[in-house]
Amino acid sequence: MTSQAHDQPAVVATAPPAPHSSMPSIGSLVRRPEVGSLIGMIAVLVFFSIFGGANFMSAGGSASWLNVASELGIIALPVGLLMIAGHLDLSVGSMIPASSMTIAIISGHYDLPIIVGILAALSLGLAVGFISGVLVIRTKVPSFVVTLATLFALAGLTLGLSIILSGSTSVALKSGPVAKLVFGDYLGGKFQVTLFWWIAIVLIVGFILNFSRFGNWILAMGGDAVSARNAGIPTDRVTIALFMSSGLCAAFVGMSQAILYNSAQVAAGQSFIFNSIIAVVIGGVLLTGGYGSVVGIVLGTLTFAIVNQGIFYTGFDANWASLIIGVLLLAAVLMNNTFRTMALTYSPRAKPRARS
Amino acid sequence: MTTPLLRLTGINKSFGPIDVLHDISLEVNRGEVLCLLGDNGAGKSTLIKILSGVHKPTSGRMEMDGKSVEFGSPRDASDHGIATVHQFGGTFPLMSIGRSFFVGAEPTRRWGPLTIYDRKRANEIAVTEMRQLGITRIDDGDRLVGGLSGGERQALAIARAVHFGASVLILDEPTAALGVKEAAHVLRIVLQARRKGIAVIFITHNVVHALTVGDHFAVLIRGSKAADFRKGEKSREAITDLMAGGEQMAELEAEIERFSATNDGHAPRDGEHP
C-alpha cells in the first residue's frame with residue numbers, strides 16, 4: 001500500500017473562497033461573544049425600569065448609574081485587556097487613593113500648580129504599573145499574587161507618606177476652573193465629565209484590541225503565552241505596557257475624583273478591585289485569558305452600574321444589591337460560557353463536498 | 001549526492017546526569033519525508049526540541065545547507081526556516097482562523113493616519129492556504145480555531161508553516177489524536193508539503209502512517225538511533241519489532257506462553273507464584 005499512496009495525486013481545491021455576505025446573519029450575531037452580556041444588560045435595565053419607577057430612567061437617574069459606570073469603565077477596560085492577555089491587576093484598588101493623595105498633597109497641601117499634581121499622579125500610575133509588569137515577567141509569580149503585593153504595599157505607602165507629608169489621611173484640593181472642567185465637573189449639574197473620558201478610552205482600547213497588531217498579540221498571549229513568544233511576539237513588552245495602562249487609568253480615576261470632590265482620602269477605591277473584575281467577567285472576558293471584547297466589557301460595566309445604582313430607585317432595601325450582583329455574576333458567566341461554546345461549535349451550512 | 005538540507009552529526013543531550021540522546025546523526029533532504037519512530041520516552045521529543053531551538057545539544061553539530069548552525073531560541077530556529085507543528089496544531093482555540101494564522105506577523109494596511117490589522121486580507125490568505133491543502137469546509141476566516149476538527153487544525157498549522165516559507169517542517173505526532181479519515185487527510189497534506197520541496201520530519205509511533213508517507217526512517221530506542229533505513233528496506237513487522245525493542249517483546253511472549261501452560265491460562269492464586 002505504501003507506493004500506492006505515494007503516487008496518488010492529492011486533490012487540491014483551488015476555488016476562491018466564497019464571497020462573504022455583507023448582511024450579518026442571525027447565526028453570526030449569536031456567535032458574537034457579546035450577546036450574553038447584551039442580554040444581561042437589557043434584562044437588568046428592563047427590571048429596574050419597571051421596579052425603579054420613572055425616576056430611574058430620568059436624566060438624574062441615568063446620570064447616577066452612568067457616572068458610576070464611567071469611573072468603573074475607565075478602569076475595567078485596561079483591566080479587561082490584561083485579563084484577555086491572561087493577567088490580573090488588583091493593585092488598581094490602591095492606585096486610586098494613591099493618585100488622589102498625590103495630586104491633593106502636591107497641589108493642595110503644597111499649593112503647587114494643578115498641572116504638576118496631575119502629571120505626578122499619572123506618572124505614579126505608570127510607575128506602579130511598570131513595577132508590577134516587571135515583577136510579573138521577572139519572577140514568573142502569577143500576577144494575582146504580584147499585584148496583591150503591590151496593592152498592599154502601595155496602600156501602606158500612601159497611608160504612611162500622607163501622614164508624614166500632610167499629617168492627615170484626608171487632604172483638601174482646590175483646583176482651578178480649567179482642571180475642574182476637564183477632569184472633575186458635572187455637566188448640566190448631573191453628568192460627570194469622566195463620561196467623555198470613558199468614551200474616549202473605549203474608542204482607544206477598541207481600536208487597540210480589534211484593529212491593531214498589538215490587539216492580536218494580546219489575544220495570542222492569553223491563549224498560549226509560550227506559543228505567542230515563539231511566534232515572535234514581544235510578550236514581555238506587551239505585559240509591561242498592559243500593566244502600565246491599567247496603572248495609568250486607575251491613576252486617572254483617582255486624580256479626577258480628587259478634582260471632582262475637592263479632596264482626597266487615603267481609604268478610597270478598594271471597591272474598584274472586585275468591581276472591575278466583575279464588570280469584565282460579566283462582559284464575557286475569559287478569566288484565564290485569550291477571549292473577550294471591548295463591547296462586552298462596556299456592557300458588563302453598564303450592567304454592574306445599573307444594578308449598583310438601580311437598587312436605590314426601587315422600594316427594596318439597598319442591602320440586597322450585592323446579592324443581586326452575586327447572582328448576576330454567576331448567571332452572566334454561565335450564559336457567556338454557553339455563547340462561547342456556541343461560537344466554537346458553530347459550523348457553516350452544509351455544502352456539497354468537494355472531495356469524497 | 002547533494003548536500004542534505006539539515007544534517008545532525010553526533011548529537012548528544014543530557015539533562016544533568018541523565019543522558020537523553022546519545023550520538024544521533026541524521027540527514028534530511030529537500031522534498032523528503034523523514035519518519036522518526038520510537039516508543040514513548042525514546043527521546044523523540046528531546047530531539048524535536050533541539051531541532052526547534054527549545055534545547056541546545058550538549059555536544060554535536062547541526063548543519064543547514066552545509067553551514068553549521070546553532071539555535072538560541074525557537075524564534076532563531078524558525079528564522080532558519082524550521083517550523084514545528086505540535087499534536088494539537090492551533091494553539092489559540094479562541095482566536096479566529098485569520099488572526100491565529102498570522103500571529104506575530106499580522107498583515108496591516110493604512111487607514112487614514114493609522115496602520116491597522118488587515119483582517120480581510122488575513123482571512124482571505126488563511127482560507128486560501130487551507131483550501132490549497134484540501135480543507136474546503138472552511139470559507140470564513142472569522143471562525144474560531146477551536147471550532148475546527150483535529151485534522152483541520154493540523155492543516156491550519158501546516159498551511160501557516162508553508163505560507164511563511166518553512167523549509168523544514170517538523171510534525172510532532174500529527175495523526176496521534178485523529179480518527180482514521182482525518183489521519184489520512186493529514187498524511188495527504190504531508191505529501192503535498194513534500195512535493196513543494198519541503199523537508200518533512202514526521203514523528204509518530206504509528207508504523208502504518210510512517211510507511212505510507214516516509215522516504216527515510218530512523219528508529220530511536222532509549223536515546224540512541226537503533227536503525228536508519230530507506231523506504232522498502234524493512235517490512236512493517238520488522239519495524240514494529242524494532243520499535244518495541246524486538247528481543248524484549250519475544251521474551252515477554254515466551255514468558256506468557258510458559259505461564260499459560262503451567263496455570264491453564266488462569267491467574268495464579270496467592271503464594272503460588274513460581
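**Figure 1. Chain B contains nine helices and 12 strands.** The model is predicted. The C-alpha trace of chain B spans about 85 × 40 × 40 Å along its principal axes. Chain B has 274 residues, and 46% of them count as buried. Take the contacts in chain B with a separation of 6 or more: 68% of them are between residues 24 or more positions apart.

**Figure 2. Chain A contains 16 helices and four strands.** Chain A has 356 residues, and buried residues make up 50% of them. Now take the contacts in chain A between residues at least 6 apart in sequence. Of these, 79% join residues at least 24 apart.

**Figure 3. The largest nonpolar core holds 181 residues.** Three members touch the most other members: Leu169(B), Val200(B) and Phe202(B). Helix 13 of chain A, residues 235-261, gives this core its largest share, 15 residues.

**Figure 4. Phe202(B) is one of the core residues that touch the most other members.** Neighbours within four places in sequence are left aside here. Phe202(B) is then in contact with Val33(B), Leu34(B), Cys35(B) and Leu36(B), among others. Its list of contacts also includes Leu171(B) and Val190(B). Ala210(B), Val213(B) and Gly214(B) are in contact with Phe202(B) as well.

**Figure 5. Helix 4 and helix 5 of chain B pack at an angle of about 105°.** Helix 4 covers residues 119-132, and helix 5 covers residues 150-163. Their axes are 9 Å apart. The angle makes helix 4 of chain B roughly perpendicular to helix 5 of chain B. From helix 4 of chain B, the contact uses Glu129(B), Met130(B) and Gln132(B). From helix 5 of chain B, it uses Ala155(B), Leu156(B), Ala159(B) and His163(B). By class, this contact has four nonpolar, two polar and one charged residues.

**Figure 6. Helix 1 of chain B is mostly covered.** This helix runs over residues 44-51, and six of its eight residues are buried. Which residues of helix 1 of chain B are buried? They are Lys44(B), Thr46(B), Leu47(B), Ile48(B), Ile50(B) and Leu51(B). Just after helix 1 of chain B comes Gly53(B), with a positive phi of about 85°.

Definitions and conventions: Residues are numbered from 1 along each chain as its sequence is written. Chains are lettered from A and ligands numbered from 1 in the order in which they are written. This is a predicted model: local features need pLDDT of at least 70, side-chain atom pairs count only at pLDDT 80 or more; totals for chains, interfaces and linings use all residues. A nonpolar core is a set of buried Ala, Val, Leu, Ile, Met, Phe, Trp, Tyr and Cys residues joined through C-beta atoms within 7 Å. A residue is buried if 20 or more other C-beta atoms lie within 10 Å of its own, exposed if 12 or fewer, and partly exposed in between; C-beta atoms are placed from the backbone. Helices (H or I, at least four residues) and strands (E, at least two) are DSSP runs, numbered from the N terminus. Two residues are in contact if their C-beta atoms, placed from the backbone, lie within 7 Å. Axes are lines fitted to C-alpha atoms, for helices over the stretch in contact, and angles run from 0 to 180 degrees between N-to-C directions. Angles under 35 degrees count as roughly parallel, over 145 as roughly antiparallel, 65 to 115 as roughly perpendicular and the rest as oblique. Ala, Val, Leu, Ile, Met, Phe, Trp, Tyr, Cys and Pro count as nonpolar, Asp, Glu, Lys and Arg as charged, and the others, Gly among them, as polar.
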